[in-house]
Amino acid sequence: MYRASYQKGFLTILYSVGSSPLDNWSTFTKNGYIKRIYDEDIKSLVLEIMGSNVSTTFIHCPSDCKAELGIKLPFLVLLIKNMHKYFCFEVKIQDDQRFMRRFRVSNFQSKTSVKPFCTAMPMGMSPGWNQIQFNLADFTRRAYGSNYLETVSLQVHANVRIRRIYFTDKLYTEAELPNDYKLLGKPKDIKKEKQFKAPPTARPPSPLNTGRADAPVKTVEIETTALETETEVEAPPAEPKGADADQESGPAGTEEPPAMTEGTEEAYY
């Protein structure tokens with residue numbers, strides 16, 4: 001699909017703003033829905049995928065299941081919102097041994113599992129919007145001892161809100177990203193806005209109702225250096241090499257989906 005295209009910098013495969021954001025995607029819904037809504041936190045249209053079962057409500061790229069993306073850029077970035085429900089996404093890649101490997105990342109997995117053709121990893125997200133950075137080349141090398149060639153397909157399951165999904169040739173800092181790739185965009189000109197000064201005796205605003213739209217974006221980086229530190233994501237054995245995700249969990253007291261047992265996990269797949 002993209003194999004013959006020039007691939008450098010940024011390659012977007014889903015952008016929630018536009019006339020047809022799911023042009024190259026196929027949708028599957030059962031006891032759920034996939035629709036575009038307006039998100040108050042970022043003041044923009046986003047794609048919402050919700051369902052009672054994560055395995056029966058999802059989107060798949062490319063739309064033809066027999067086709068291949070052919071994307072050689074090694075970094076996958078997802079701008080998604082934590083809905084505090086079960087959620088997972090799956091990436092299928094091809095390595096230099098010509099094997100198809102799958103990386104399944106979810107917030108209901110209890111531990112990392114490395115199998116010959118599928119690696120499942122747990123993930124924790126902060127409340128609100130998150131930027132997930134997934135190093136495909138590093139995970140392929142650590143899990144299977146082979147080199148990443150290209151991404152074959154991508155599948156995103158319920159329950160989540162999506163702003164943008166794209167691939168990059170390297171990890172870019174916030175200052176290097178174009179405005180369209182940032183959740184908050186350009187900062188507002190506060191000089192033009194009418195300011196309201198509360199009297200000294202006034203009750204301060206509740207922290208639960210403020211700081212949403214202007215809050216910094218939580219970035220969840222999955223990097224090589226992070227795999228060597230202890231995090232809430234369990235690292236696989238050294239040989240065969242496993243894949244790990246360095247995720248920052250939300251603040252204490254935030255309600256997250258409970259960890260699934262192995263029996264419950266099998267019921268989803």
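Colleague: What does Arg 101 lie over?

Modeller: The face of Tyr 144, at 4.3 Å from the ring centre. Bear in mind that this is a predicted model.

Colleague: And what sits over the ring of Tyr 181?

Modeller: That would be the charged end of Arg 164, 3.9 Å from the ring's centre.

Colleague: Staying with rings, how many aromatic pairs does a search of the whole structure find?

Modeller: It finds 13. In one of them, Tyr 166 and Tyr 181 have ring centres 4.8 Å apart and planes at 85°; the angle is over 60 degrees, so the pair counts as edge-to-face.

Colleague: Which parts does that pair tie together?

Modeller: Tyr 166 is in strand β13, residues 160–168, while Tyr 181 is in the loop between β13 and β14 (218–222), so the pair joins parts 15 residues apart in sequence.

Colleague: Are Tyr 166 and Tyr 181 buried or exposed?

Modeller: Buried, both of them.

Colleague: Which residues do ring pairs link into a cluster?

Modeller: Phe 87, Phe 89, Phe 103, Phe 134, Phe 139 and Tyr 144. Phe 89 also belongs to the largest nonpolar core, which has 38 residues. Along with Leu 76, Val 156, Ile 162 and Ile 165, Phe 89 touches the most other members there.

Colleague: What does Phe 89 touch, leaving out residues up to four places away in sequence?

Modeller: The contacts are Leu 76, Leu 78, Phe 103, Arg 104, Val 105, Met 123, Ile 132, Phe 134, Leu 154, Gln 155 and Val 156. There's also a second, separate core of six residues, with Ile 37, Ile 42, Trp 129 and Leu 183 among them.

Colleague: Switching to helix α1, how many of its nine residues are buried?

Modeller: Seven, so the helix, residues 136–144, is largely enclosed by the rest of the structure. The buried ones are Leu 136, Asp 138, Phe 139, Thr 140, Arg 142, Ala 143 and Tyr 144.

Colleague: What goes on at the start of α1?

Modeller: A side-chain oxygen of Asn 135 comes within 3.4 Å of the backbone nitrogen of Ala 137. Just after the helix, Gly 145 has a positive phi of about 65°.

Colleague: Now His 157. Where is that one found?

Modeller: In strand β12, which covers residues 148–157. With 2% relative accessibility, His 157 is under the 20% cut-off, so it counts as buried.

Colleague: Which backbone oxygen does the His 157 side chain reach?

Modeller: The one of Val 54, at 2.5 Å. Setting aside neighbours within four places in sequence, His 157 is in contact with Ile 49, Val 54, Ser 55, Thr 57, Phe 58, Phe 87 and Cys 88.

Colleague: And Ser 16, where is that?

Modeller: In the loop between β1 (10–15) and β2 (26–28). Ser 16 counts as buried at 0% relative accessibility. Its side chain reaches the backbone oxygen of Leu 45 at 2.6 Å.

Colleague: What does Ser 16 touch, not counting residues up to four places away?

Modeller: Pro 21, Arg 36, Leu 45, Val 46, Leu 47, Ile 162 and Arg 163.

Colleague: Zooming out, what does the secondary structure of the chain come to?

Modeller: Two helices and 14 strands. Of the 269 residues in the chain, 47% are buried.

Colleague: Among contacts with a separation of 6 or more, what share is from residues 24 or more positions apart?

Modeller: That share is 73%. As for the surface, the accessible area of the chain is about 14,200 Å², with 51% belonging to carbon and sulfur atoms.

Definitions and conventions: Residues numbered from 1 in each chain as written. Predicted model: local features only at pLDDT ≥ 70, side-chain atom pairs only at ≥ 80, totals over all residues. Heavy atoms only, no water. Core = buried A, V, L, I, M, F, W, Y, C linked by side-chain atoms within 4.5 Å. Buried < 20%, exposed > 50% of the residue type's maximum accessible area, 1.4 Å probe, protein only. Contact = heavy atoms within 4.5 Å. Phe/Tyr/Trp six-rings, centres within 6.5 Å; stacked < 30°, edge-to-face > 60°. Helix = DSSP H or I, 4+ residues; strand = E, 2+ residues; numbered from the N terminus. Lys NZ or Arg CZ within 6 Å of the ring centre and 35° of its normal. Polar contact = N/O pair within 3.5 Å; in protein donor to acceptor, adjacent residues only side chain to side chain. Areas by Shrake-Rupley, 256 points an atom, 1.4 Å probe, with all protein chains shown as cover.
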